[in-house]
Amino acid sequence: MKKSTITNYATYGGVIIAFVVLYILNNFGMLGPVLSGQLVPICAYVVMALSLNLTVGVLGELSLGHAGFMSVGAFAGATANIALAASIPNTGVRLAVVLVIATICAAIAGVLIGIPVLRLRGDYLAIVTLAFGEIIKSIINNLYIGMDAKGLHFAFLNAENLKMDGGKMILKGSQGITIMPTSTFVAGFVLVMITLVIIFNLVGSRSGRAIMALRDNRIAAESVGINVTKYKMMAFVTSAALAGAAGALYAQGMFVLDPKKFNYDTSILILVFVVLGGLGRMWGSIIAAAALTVLPELLREVRDYRMLAYAIVLILVMLVTNNPTIKNFVQAIAEKFKGKKVETKGAGQQ
């Protein structure tokens with residue numbers, strides 16, 4: 001069995017074990033209100049980290065506007081949730097439909113942005129994706145959505161432009177959306193597992209190998225006939241779609257959804273998850289996203305020094321994980337362990 005396959009199965013197993021343990025602890029009230037309330041956001045941020053790792057770690061392109069795709073999914077999902085509340089009373093079914101709608105909307109945004117943007121590389125691509133994230137936030141800040149008997153109404157800058165016949169407001173510009181939470185930890189777990197299946201199957205496929213070839217050497221990949229635009233678009237749109245699903249999951253766990261939440265800081269936070277967990281290492285992104293989402297809440301007791309302690313922990317972890325001496329030490333221990341394992345098998349066969 002390939003090493004990558006073993007790693008994939010180990011990642012699946014780790015996520016399942018973590019879910020079972022946390023689910024049991026939460027049901028018995030052993031997590032506390034703070035950690036219990038963080039379960040859905042953790043799942044959303046894990047999916048965000050995995051999706052961005054597909055762009056940064058597998059494709060090798062730096063994106064600084066990932067929160068933009070998250071916001072598209074979040075507000076599309078929240079709008080769909082309110083609009084479908086009467087026709088789909090079952091919250092579980094409605095949540096599934098909302099996630100699908102949010103994924104499609106974010107994928108469409110990914111295509112629209114990817115067509116002009118993916119012709120760029122390096123710093124230029126990062127700057128344009130950063131601008132995209134800010135543009136999306138600005139659009140939502142000035143967008144008004146209402147619903148009456150005739151359906152949904154959209155307007156910019158002013159709610160009076162909706163021209164509704166009664167009905168109710170859904171999105172109130174910079175005031176955001178007020179919704180009733182429908183996301184659950186189980187739904188978050190299912191979304192994480194679906195994301196892992198999609199990413200692992202894509203990376204292990206012929207298309208995934210083509211994407212990684214572009215990352216390693218674009219000129220060599222082009223010389224053997226790999227379609228650069230096609231495979232870059234495939235990775236970028238898949239990443240955007242998964243980010244939209246994560247945004248919808250996150251939004252359905254909130255009471256008030258504010259456009260300011262999906263700003264530049266959120267994009268950088270998700271990038272920190274990816275870099276800290278290791279580029280291309282999906283299991284690392286899961287651990288980093290979960291740990292760094294919970295850490296600020298665990299440090300809340302120190303109040304004014306909370307973010308200082310958070311920053312110090314980040315710096316120390318980055319120094320340790322990128323220290324060649326520590327890497328070589330861990331690798332030497334792993335090789336010794338493998339050597340002993342081989343010797344034991346040989347002795348058993350004799």
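**Exercise 1.** In this predicted model, the count comes to 11 aromatic pairs; classify the pair formed by Phe-19 and Tyr-23 from its geometry.

*Solution.* The ring centres of Phe-19 and Tyr-23 lie 5.5 Å apart, with 35° between the planes. Planes under 30 degrees apart count as stacked and over 60 as edge-to-face, so this pair is tilted. Turning to sequence, the two residues are 4 residues apart in helix H1, which means that about one helical turn separates them. Phe-19 is buried, with a relative accessible area of 14%, whereas Tyr-23 counts as partly exposed at 35% relative accessibility.

**Exercise 2.** Work out what kind of pair Phe-69 and Phe-236 form, and which helices the pair links.

*Solution.* With 5.6 Å from centre to centre and 80° between the planes, Phe-69 and Phe-236 form an edge-to-face pair. Phe-69 belongs to helix H4 and Phe-236 to helix H10, so that the pair links parts of the chain 167 residues apart. Phe-69 counts as buried at 1% relative accessibility, and Phe-236 is buried too, with a relative accessible area of 3%.

**Exercise 3.** Decide whether Glu-61 is buried or exposed, and identify the side chain with which its own side chain makes a polar contact.

*Solution.* Glu-61 lies in the loop between helix H3 (39–59) and helix H4 (66–83). Because buried means under 20% relative accessible area, Glu-61 counts as buried at 10%. Its side chain makes a polar contact with the side chain of Lys-232, at 3.3 Å. Beyond neighbours within four places in sequence, the residues in contact with Glu-61 include Arg-121, Gly-122 and Leu-125.

Definitions and conventions. Residues numbered from 1 in each chain as written. Predicted model: local features only at pLDDT ≥ 70, side-chain atom pairs only at ≥ 80, totals over all residues. Heavy atoms only, no water. Buried < 20%, exposed > 50% of the residue type's maximum accessible area, 1.4 Å probe, protein only. Polar contact = N/O pair within 3.5 Å; in protein donor to acceptor, adjacent residues only side chain to side chain. Contact = heavy atoms within 4.5 Å. Phe/Tyr/Trp six-rings, centres within 6.5 Å; stacked < 30°, edge-to-face > 60°.
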